[in-house]
Amino acid sequence: MRVPDVLVMSLQAIVANKLRSVLTLVGIVAGVASIIAVMTGISVIQGALEREMSVLGAQTFQVQKWPAGGFGGDAARRKAMRRPPLTLENAQAIRDQVKCVDLVGSEIWDFGYVVSYKGQSTNPNISICGGTPEYPQNNTHYVGLGRNISQMDVQVARSVAVIGYAIAQKLFPFTDPIGKDIRLDGRKYQVVGVFDEKKSAFGGRFDNYVLIPVSTYVNVYGLTDRNGFLRSVNITVRAKTPAQLNEAIEQTRQVLRHVRGLKPKDEDNFEFFNSQSLITQFNKVSMGVKLGAFIIGTIALVVAGIGIMNIMLVAVTERTREIGIRKALGARSQSILLQFLFEAVVLCNIGGVIGVIAGFGLGNLVTVFTHFDANVPLEWAVIGLVFCSAVGIAFGLLPALRAARLDPIEALRYE
(Lines give C-alpha, C1' and ligand atoms only; values in the text may rest on other atoms or scores of the structure.)
Protein backbone atom coordinates (compact mmCIF):
# COMPACT_ATOMS: atom_id res chain seq x y z
CA MET A 1 0.00 0.00 0.00
CA ARG A 2 1.31 3.41 -0.92
CA VAL A 3 2.20 5.96 1.77
CA PRO A 4 -0.43 8.50 0.55
CA ASP A 5 -3.11 5.81 0.87
CA VAL A 6 -1.95 4.98 4.38
CA LEU A 7 -2.06 8.69 5.26
CA VAL A 8 -5.61 9.03 3.91
CA MET A 9 -6.76 6.03 5.95
CA SER A 10 -5.14 7.53 9.05
CA LEU A 11 -7.02 10.81 8.55
CA GLN A 12 -10.28 8.92 7.99
CA ALA A 13 -9.75 7.05 11.26
CA ILE A 14 -9.11 10.35 13.11
CA VAL A 15 -12.28 11.92 11.68
CA ALA A 16 -14.33 8.80 12.42
CA ASN A 17 -13.40 8.94 16.11
CA LYS A 18 -13.93 12.64 16.80
CA LEU A 19 -14.34 12.50 20.58
CA ARG A 20 -11.29 10.33 21.08
CA SER A 21 -9.27 12.55 18.75
CA VAL A 22 -10.31 15.71 20.59
CA LEU A 23 -9.41 14.22 23.97
CA THR A 24 -6.04 13.21 22.57
CA LEU A 25 -5.44 16.72 21.26
CA VAL A 26 -6.07 18.47 24.59
CA GLY A 27 -2.81 17.39 26.18
CA ILE A 28 -0.75 18.21 23.10
CA VAL A 29 -2.35 21.65 22.71
CA ALA A 30 -1.73 22.44 26.38
CA GLY A 31 1.90 21.31 26.24
CA VAL A 32 2.80 23.14 23.04
CA ALA A 33 0.83 26.27 23.95
CA SER A 34 2.61 26.52 27.30
CA ILE A 35 6.04 26.41 25.65
CA ILE A 36 5.16 28.79 22.81
CA ALA A 37 3.34 31.24 25.11
CA VAL A 38 6.29 31.56 27.49
CA MET A 39 8.86 31.80 24.69
CA THR A 40 6.73 34.37 22.85
CA GLY A 41 6.25 36.43 26.00
CA ILE A 42 10.00 36.39 26.69
CA SER A 43 10.71 37.34 23.06
CA VAL A 44 8.30 40.29 23.32
CA ILE A 45 9.93 41.52 26.54
CA GLN A 46 13.42 40.82 25.23
CA GLY A 47 12.78 42.79 22.05
CA ALA A 48 11.54 45.76 24.09
CA LEU A 49 14.50 45.53 26.46
CA GLU A 50 17.00 45.39 23.63
CA ARG A 51 15.51 48.55 22.12
CA GLU A 52 15.61 50.25 25.52
CA MET A 53 19.21 49.17 26.12
CA SER A 54 20.37 50.47 22.75
CA VAL A 55 20.49 54.07 24.00
CA LEU A 56 24.25 53.93 23.49
CA GLY A 57 25.31 53.68 19.87
CA ALA A 58 27.40 50.93 18.31
CA GLN A 59 30.62 52.85 19.00
CA THR A 60 29.79 54.35 22.39
CA PHE A 61 30.45 53.01 25.88
CA GLN A 62 30.02 54.33 29.39
CA VAL A 63 32.32 54.31 32.41
CA GLN A 64 30.77 54.52 35.87
CA LYS A 65 31.36 53.61 39.47
CA TRP A 66 28.38 51.30 39.86
CA PRO A 67 27.82 47.96 38.06
CA ALA A 68 25.27 48.42 35.26
CA GLY A 69 23.57 45.06 35.79
CA GLY A 70 23.05 45.25 39.55
CA PHE A 71 25.25 44.32 42.49
CA GLY A 72 24.72 40.56 42.68
CA GLY A 73 24.69 40.48 46.49
CA ASP A 74 25.59 42.49 49.58
CA ALA A 75 29.31 41.78 49.26
CA ALA A 76 29.40 43.19 45.72
CA ARG A 77 27.36 46.20 46.85
CA ARG A 78 29.77 46.99 49.69
CA LYS A 79 32.70 46.53 47.33
CA ALA A 80 31.19 49.03 44.83
CA MET A 81 30.46 51.54 47.59
CA ARG A 82 34.11 51.51 48.65
CA ARG A 83 35.23 52.59 45.18
CA PRO A 84 36.28 56.22 44.79
CA PRO A 85 33.89 58.18 42.57
CA LEU A 86 34.71 58.97 38.97
CA THR A 87 35.43 62.67 38.55
CA LEU A 88 35.30 65.40 35.94
CA GLU A 89 39.10 65.27 35.97
CA ASN A 90 38.93 61.59 35.01
CA ALA A 91 36.78 62.53 32.02
CA GLN A 92 39.22 65.24 31.03
CA ALA A 93 42.12 62.77 31.20
CA ILE A 94 40.29 60.54 28.71
CA ARG A 95 39.73 63.53 26.39
CA ASP A 96 43.39 64.45 26.54
CA GLN A 97 45.06 61.03 26.35
CA VAL A 98 42.84 58.58 24.43
CA LYS A 99 43.45 59.22 20.75
CA CYS A 100 40.92 56.84 19.20
CA VAL A 101 37.85 58.60 20.64
CA ASP A 102 36.19 61.78 19.44
CA LEU A 103 33.46 62.53 22.01
CA VAL A 104 33.81 62.27 25.78
CA GLY A 105 30.84 63.41 27.84
CA SER A 106 30.31 63.84 31.57
CA GLU A 107 26.99 63.30 33.36
CA ILE A 108 25.90 63.76 36.97
CA TRP A 109 22.35 62.63 37.73
CA ASP A 110 19.84 63.26 40.48
CA PHE A 111 16.15 62.44 40.73
CA GLY A 112 12.86 63.59 42.22
CA TYR A 113 12.54 67.26 41.27
CA VAL A 114 9.73 69.58 40.16
CA VAL A 115 9.75 71.92 37.14
CA SER A 116 7.28 74.81 37.05
CA TYR A 117 6.25 77.65 34.75
CA LYS A 118 3.63 80.32 35.49
CA GLY A 119 1.70 78.29 38.03
CA GLN A 120 1.92 75.00 36.13
CA SER A 121 4.08 72.29 37.72
CA THR A 122 5.19 68.79 36.87
CA ASN A 123 5.01 65.85 39.22
CA PRO A 124 8.03 65.49 41.54
CA ASN A 125 9.54 62.82 39.29
CA ILE A 126 11.83 64.93 37.13
CA SER A 127 15.49 63.94 36.77
CA ILE A 128 18.29 66.47 36.48
CA CYS A 129 21.35 65.72 34.38
CA GLY A 130 24.35 67.94 34.72
CA GLY A 131 26.00 67.25 31.41
CA THR A 132 28.27 68.40 28.62
CA PRO A 133 27.56 69.13 24.93
CA GLU A 134 28.35 65.51 24.00
CA TYR A 135 25.21 64.26 25.76
CA PRO A 136 22.80 64.04 22.77
CA GLN A 137 25.21 62.23 20.43
CA ASN A 138 26.51 59.80 23.06
CA ASN A 139 23.01 58.91 24.30
CA THR A 140 21.23 59.02 20.91
CA HIS A 141 18.67 61.48 22.28
CA TYR A 142 18.77 64.54 20.09
CA VAL A 143 17.47 68.09 20.45
CA GLY A 144 14.43 68.57 18.23
CA LEU A 145 13.63 72.22 19.00
CA GLY A 146 16.07 75.00 19.81
CA ARG A 147 19.68 74.15 20.57
CA ASN A 148 21.83 71.92 22.72
CA ILE A 149 23.88 73.26 25.63
CA SER A 150 27.21 74.58 24.36
CA GLN A 151 30.78 74.47 25.53
CA MET A 152 30.48 78.17 26.40
CA ASP A 153 27.44 77.36 28.59
CA VAL A 154 29.63 74.90 30.49
CA GLN A 155 32.61 77.24 30.74
CA VAL A 156 30.66 80.12 32.26
CA ALA A 157 28.10 77.94 34.12
CA ARG A 158 25.03 79.51 32.51
CA SER A 159 21.58 78.84 33.92
CA VAL A 160 20.23 77.29 30.72
CA ALA A 161 18.37 74.04 30.21
CA VAL A 162 17.28 71.56 27.55
CA ILE A 163 14.00 70.02 28.68
CA GLY A 164 12.41 66.68 27.90
CA TYR A 165 9.51 66.39 25.46
CA ALA A 166 7.00 65.44 28.17
CA ILE A 167 7.96 68.47 30.27
CA ALA A 168 7.48 70.76 27.26
CA GLN A 169 4.04 69.23 26.58
CA LYS A 170 3.04 69.69 30.22
CA LEU A 171 4.22 73.27 30.75
CA PHE A 172 4.04 74.71 27.22
CA PRO A 173 1.12 72.99 25.48
CA PHE A 174 0.34 75.98 23.25
CA THR A 175 3.53 78.06 23.54
CA ASP A 176 7.03 77.91 22.11
CA PRO A 177 9.19 77.13 25.18
CA ILE A 178 12.44 78.44 23.68
CA GLY A 179 13.63 81.49 25.60
CA LYS A 180 11.12 81.03 28.44
CA ASP A 181 12.27 80.93 32.06
CA ILE A 182 11.31 77.84 34.06
CA ARG A 183 11.80 77.04 37.72
CA LEU A 184 13.75 73.86 38.41
CA ASP A 185 13.95 73.00 42.10
CA GLY A 186 13.03 76.64 42.75
CA ARG A 187 15.84 78.06 40.61
CA LYS A 188 15.42 79.95 37.35
CA TYR A 189 16.73 78.47 34.08
CA GLN A 190 16.23 79.66 30.53
CA VAL A 191 14.96 76.98 28.13
CA VAL A 192 17.27 76.80 25.12
CA GLY A 193 16.12 73.48 23.67
CA VAL A 194 13.63 70.60 23.78
CA PHE A 195 14.60 66.97 23.25
CA ASP A 196 12.84 64.84 20.64
CA GLU A 197 10.15 62.55 22.01
CA LYS A 198 11.64 59.24 23.07
CA LYS A 199 9.00 56.89 24.45
CA SER A 200 9.97 54.09 26.77
CA ALA A 201 8.07 50.81 26.60
CA PHE A 202 8.64 50.49 30.36
CA GLY A 203 7.45 53.95 31.29
CA GLY A 204 10.97 55.24 31.82
CA ARG A 205 12.15 58.84 32.21
CA PHE A 206 13.34 59.38 28.65
CA ASP A 207 11.10 62.45 28.33
CA ASN A 208 11.02 63.53 31.98
CA TYR A 209 14.41 65.04 32.59
CA VAL A 210 16.26 68.34 32.26
CA LEU A 211 19.80 68.74 30.94
CA ILE A 212 21.79 71.63 32.41
CA PRO A 213 25.53 72.42 32.10
CA VAL A 214 27.58 70.18 34.40
CA SER A 215 29.35 73.23 35.81
CA THR A 216 26.02 74.81 36.72
CA TYR A 217 24.99 71.56 38.40
CA VAL A 218 28.18 71.48 40.48
CA ASN A 219 27.77 75.17 41.45
CA VAL A 220 24.19 74.58 42.62
CA TYR A 221 24.33 71.10 44.17
CA GLY A 222 28.03 70.60 44.84
CA LEU A 223 29.91 67.32 44.58
CA THR A 224 28.14 65.61 47.48
CA ASP A 225 24.63 64.18 47.38
CA ARG A 226 21.81 64.57 49.90
CA ASN A 227 23.31 61.85 52.09
CA GLY A 228 26.74 63.42 52.16
CA PHE A 229 28.36 60.96 49.74
CA LEU A 230 30.59 62.17 46.92
CA ARG A 231 28.81 62.19 43.58
CA SER A 232 30.26 59.97 40.89
CA VAL A 233 30.38 61.14 37.29
CA ASN A 234 29.13 58.92 34.49
CA ILE A 235 31.54 59.23 31.57
CA THR A 236 30.26 58.48 28.06
CA VAL A 237 32.88 57.84 25.41
CA ARG A 238 32.44 57.49 21.65
CA ALA A 239 35.10 55.71 19.62
CA LYS A 240 35.93 57.25 16.25
CA THR A 241 34.64 54.11 14.47
CA PRO A 242 32.77 50.98 15.64
CA ALA A 243 35.87 48.94 14.76
CA GLN A 244 37.86 50.93 17.34
CA LEU A 245 35.42 50.33 20.20
CA ASN A 246 37.45 47.63 21.96
CA GLU A 247 40.68 49.56 21.47
CA ALA A 248 39.04 52.67 22.93
CA ILE A 249 37.82 50.71 25.97
CA GLU A 250 41.29 49.30 26.58
CA GLN A 251 43.03 52.67 26.21
CA THR A 252 40.46 54.27 28.51
CA ARG A 253 41.07 51.53 31.07
CA GLN A 254 44.81 52.19 31.04
CA VAL A 255 44.36 55.96 31.39
CA LEU A 256 41.90 55.61 34.28
CA ARG A 257 44.05 53.07 36.09
CA HIS A 258 46.98 55.48 35.89
CA VAL A 259 45.16 58.66 36.98
CA ARG A 260 43.33 56.78 39.77
CA GLY A 261 46.61 55.40 41.13
CA LEU A 262 45.92 51.69 40.65
CA LYS A 263 48.83 49.28 40.88
CA PRO A 264 49.29 46.45 38.31
CA LYS A 265 47.88 43.84 40.69
CA ASP A 266 44.83 45.94 41.63
CA GLU A 267 41.54 45.28 39.88
CA ASP A 268 39.59 48.06 38.16
CA ASN A 269 37.58 50.28 40.53
CA PHE A 270 35.20 51.36 37.78
CA GLU A 271 32.84 49.64 35.34
CA PHE A 272 32.51 49.63 31.55
CA PHE A 273 29.35 48.87 29.68
CA ASN A 274 27.84 49.41 26.26
CA SER A 275 24.56 48.46 24.64
CA GLN A 276 25.78 45.04 23.52
CA SER A 277 27.12 44.13 26.95
CA LEU A 278 23.76 45.00 28.54
CA ILE A 279 21.87 42.94 25.97
CA THR A 280 24.24 39.99 26.45
CA GLN A 281 23.77 40.20 30.21
CA PHE A 282 19.98 40.19 29.86
CA ASN A 283 20.12 37.22 27.50
CA LYS A 284 22.09 35.25 30.09
CA VAL A 285 19.45 35.97 32.71
CA SER A 286 16.55 35.14 30.40
CA MET A 287 18.20 31.88 29.32
CA GLY A 288 17.36 30.34 32.69
CA VAL A 289 13.69 31.33 32.31
CA LYS A 290 13.60 29.90 28.79
CA LEU A 291 15.20 26.65 29.94
CA GLY A 292 12.71 26.34 32.80
CA ALA A 293 9.75 26.95 30.46
CA PHE A 294 11.11 24.41 27.97
CA ILE A 295 11.50 21.76 30.69
CA ILE A 296 7.96 22.37 32.00
CA GLY A 297 6.51 22.26 28.48
CA THR A 298 8.48 19.11 27.70
CA ILE A 299 7.09 17.41 30.79
CA ALA A 300 3.58 18.43 29.69
CA LEU A 301 4.18 16.97 26.23
CA VAL A 302 5.55 13.72 27.67
CA VAL A 303 2.45 13.39 29.84
CA ALA A 304 0.32 14.11 26.77
CA GLY A 305 2.35 11.51 24.85
CA ILE A 306 1.57 8.88 27.48
CA GLY A 307 -2.09 9.77 27.09
CA ILE A 308 -1.80 9.37 23.33
CA MET A 309 -0.20 5.96 23.75
CA ASN A 310 -2.97 4.75 26.04
CA ILE A 311 -5.70 6.03 23.73
CA MET A 312 -4.00 4.46 20.72
CA LEU A 313 -3.77 1.13 22.56
CA VAL A 314 -7.51 1.33 23.19
CA ALA A 315 -7.98 2.11 19.49
CA VAL A 316 -5.97 -0.98 18.53
CA THR A 317 -8.18 -3.10 20.77
CA GLU A 318 -11.38 -1.60 19.33
CA ARG A 319 -10.23 -2.15 15.75
CA THR A 320 -8.83 -5.65 16.18
CA ARG A 321 -11.39 -7.24 13.83
CA GLU A 322 -10.78 -4.47 11.26
CA ILE A 323 -7.04 -5.20 11.39
CA GLY A 324 -7.75 -8.93 11.00
CA ILE A 325 -9.94 -8.35 7.94
CA ARG A 326 -7.33 -6.09 6.33
CA LYS A 327 -4.59 -8.64 6.93
CA ALA A 328 -6.79 -11.43 5.56
CA LEU A 329 -7.29 -9.38 2.40
CA GLY A 330 -3.51 -9.02 1.96
CA ALA A 331 -2.51 -5.93 3.94
CA ARG A 332 1.08 -6.14 5.11
CA SER A 333 2.18 -5.57 8.71
CA GLN A 334 4.22 -2.57 7.54
CA SER A 335 1.07 -0.86 6.22
CA ILE A 336 -0.77 -1.47 9.48
CA LEU A 337 2.19 -0.08 11.46
CA LEU A 338 2.45 3.01 9.26
CA GLN A 339 -1.28 3.71 9.53
CA PHE A 340 -1.32 3.75 13.33
CA LEU A 341 1.99 5.61 13.48
CA PHE A 342 0.67 8.22 11.05
CA GLU A 343 -2.46 8.59 13.16
CA ALA A 344 -0.37 9.40 16.23
CA VAL A 345 1.94 11.81 14.36
CA VAL A 346 -0.92 13.58 12.54
CA LEU A 347 -2.87 13.94 15.79
CA CYS A 348 0.19 15.39 17.53
CA ASN A 349 0.85 17.87 14.73
CA ILE A 350 -2.78 18.99 14.58
CA GLY A 351 -2.55 19.63 18.30
CA GLY A 352 0.84 21.25 17.73
CA VAL A 353 -0.53 23.71 15.16
CA ILE A 354 -3.42 24.65 17.46
CA GLY A 355 -0.98 24.95 20.38
CA VAL A 356 1.38 27.18 18.38
CA ILE A 357 -1.43 29.54 17.38
CA ALA A 358 -2.79 29.63 20.95
CA GLY A 359 0.73 30.13 22.33
CA PHE A 360 1.43 33.08 20.03
CA GLY A 361 -1.85 34.66 21.11
CA LEU A 362 -1.25 34.13 24.82
CA GLY A 363 2.39 35.24 24.62
CA ASN A 364 1.43 38.50 22.92
CA LEU A 365 -1.27 39.35 25.46
CA VAL A 366 1.35 41.44 27.25
CA THR A 367 1.34 43.85 24.29
CA VAL A 368 -2.32 44.70 24.97
CA PHE A 369 -1.44 46.25 28.34
CA THR A 370 1.96 47.75 27.46
CA HIS A 371 3.73 49.62 24.66
CA PHE A 372 5.64 46.49 23.66
CA ASP A 373 5.67 45.42 20.04
CA ALA A 374 4.15 42.05 19.15
CA ASN A 375 6.59 39.27 18.35
CA VAL A 376 6.12 35.92 16.64
CA PRO A 377 9.21 33.71 17.17
CA LEU A 378 8.77 31.38 14.19
CA GLU A 379 11.79 29.31 15.19
CA TRP A 380 9.89 28.14 18.27
CA ALA A 381 6.92 27.21 16.10
CA VAL A 382 9.20 24.94 14.07
CA ILE A 383 10.75 23.51 17.24
CA GLY A 384 7.28 22.88 18.68
CA LEU A 385 6.05 21.02 15.59
CA VAL A 386 9.25 18.95 15.33
CA PHE A 387 8.87 18.05 18.99
CA CYS A 388 5.23 17.07 18.38
CA SER A 389 6.29 14.75 15.58
CA ALA A 390 8.89 13.19 17.87
CA VAL A 391 6.27 12.67 20.59
CA GLY A 392 3.90 11.12 18.06
CA ILE A 393 6.55 8.69 16.82
CA ALA A 394 7.86 7.84 20.29
CA PHE A 395 4.48 7.21 21.92
CA GLY A 396 2.67 5.93 18.85
CA LEU A 397 5.26 3.27 18.07
CA LEU A 398 4.15 0.76 20.74
CA PRO A 399 0.45 0.75 19.71
CA ALA A 400 1.47 0.63 16.03
CA LEU A 401 3.76 -2.37 16.64
CA ARG A 402 1.04 -4.14 18.60
CA ALA A 403 -1.43 -3.61 15.75
CA ALA A 404 1.09 -4.74 13.12
CA ARG A 405 1.93 -7.93 15.03
CA LEU A 406 -1.67 -9.11 15.48
CA ASP A 407 -2.30 -12.59 14.14
CA PRO A 408 -5.03 -12.27 11.46
CA ILE A 409 -6.84 -15.46 12.54
CA GLU A 410 -6.91 -14.43 16.21
CA ALA A 411 -7.93 -10.92 15.21
CA LEU A 412 -10.88 -12.22 13.16
CA ARG A 413 -12.09 -14.22 16.13
CA TYR A 414 -11.96 -11.20 18.45
CA GLU A 415 -15.35 -10.10 19.77
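## Basis of the description

Because the model is predicted, local features need pLDDT of at least 70 and side-chain atom pairs count only at pLDDT 80 or more, whereas totals for chains, interfaces and linings use all residues. Residues are numbered from 1 along each chain as its sequence is written, and side-chain values use heavy atoms, with hydrogens and water left out.

Helices (H or I, at least four residues) and strands (E, at least two) are DSSP runs numbered from the N terminus. Buried denotes under 20% relative accessible area, exposed over 50%, and partly exposed the range in between (1.4 Å probe, protein chains only).

Strand E7 covers residues 160-163. Val160 and Val162 point one way from this strand, Ala161 and Ile163 point the other way, and all are buried. In a regular strand the side chains alternate between the two faces of the sheet.

Strands are taken to pair if DSSP finds at least two bridges between them. E7 pairs with strand E9 (residues 187-195) in the parallel sense over 4 bridges, and with strand E10 (residues 209-213) in the antiparallel sense over 2 bridges. Ile163 has a bridge partner in each of these strands: Val194 in E9 and Val210 in E10.

## Aromatic contacts

Rings of Phe, Tyr and Trp (its six-membered ring) pair if their centres lie within 6.5 Å; planes under 30 degrees apart count as stacked, over 60 as edge-to-face and the rest as tilted. The count by this rule is 11 aromatic pairs. In one of them, the ring centres of Trp109 and Tyr209 are 5.5 Å apart and the planes stand at 55 degrees, so the pair is tilted. This pair links distant parts of the chain, with Trp109 in strand E2 (residues 101-113) and Tyr209 in strand E10, 100 residues apart. Trp109 is partly exposed at 25% relative accessibility, while Tyr209 is buried at 3%. Both residues belong to one aromatic cluster, formed by Trp109, Phe111, Tyr135, Phe195 and Tyr209.

A further tilted pair is made by Tyr217 and Tyr221, whose ring centres are 5.1 Å apart with planes at 45 degrees. These two residues are separated by about one helical turn, because they are 4 residues apart in helix H8 (residues 214-221). Tyr217 is buried at 0% relative accessibility, and Tyr221 is buried with a relative accessible area of 14%. The charged end of Arg187 sits over the ring of Tyr221, 5.5 Å from its centre; this term requires NZ of Lys or CZ of Arg within 6 Å of the ring centre and within 35 degrees of the ring normal.

## Salt bridges

A salt bridge is a side-chain nitrogen of Lys or Arg within 4 Å of a carboxyl oxygen of Asp or Glu, and the count by this rule is 10. Lys79 and Glu267 form one of them, at 2.4 Å from N to O. Lys79 lies in helix H3 (residues 74-81) and Glu267 in the loop between helix H9 (245-259) and strand E12 (271-273), so the pair ties together parts that are 188 residues apart in sequence. Lys79 is partly exposed at 37% relative accessibility.

Arg83 and Glu271 also meet in a salt bridge (2.9 Å, N to O). This pair links the loop between H3 and helix H4 (88-97), where Arg83 is located, to strand E12, which holds Glu271, 188 residues apart. Arg83 is buried at 11% relative accessible area, whereas Glu271 is partly exposed at 23%. Asp185 forms a salt bridge with Arg187, with the closest N and O atoms 3.2 Å apart; Arg187 is partly exposed at 36% relative accessibility. Salt bridges that share partners join Glu250, Arg253, Arg257 and Asp268 into one network.

## Positive phi residues

Asp185 is a residue other than glycine with a positive phi, near 55 degrees. Asp185 is found in the loop between strand E8 (181-184) and E9 and is partly exposed, with a relative accessible area of 34%. Lys118, likewise not a glycine, has a positive phi of about 50 degrees. Lys118 lies in the loop between strand E3 (115-117) and strand E4 (120-121) and is exposed at 72% relative accessible area.

## Nonpolar surface patch

Leu291, Ile295, Ile299 and Val303 form a nonpolar patch on the surface, with about 380 Å² of accessible area together. Patches are made of residues with over 30% relative accessible area and no salt bridge, joining like charges within 9 Å and nonpolar side chains (Val, Leu, Ile, Met, Phe, Trp, Tyr) within 5 Å. Accessible areas come from the Shrake-Rupley method with a 1.4 Å probe; for residues, only the protein chains shown count as cover. Val303 lies in helix H10 (residues 275-318) and is exposed at 53% relative accessibility.
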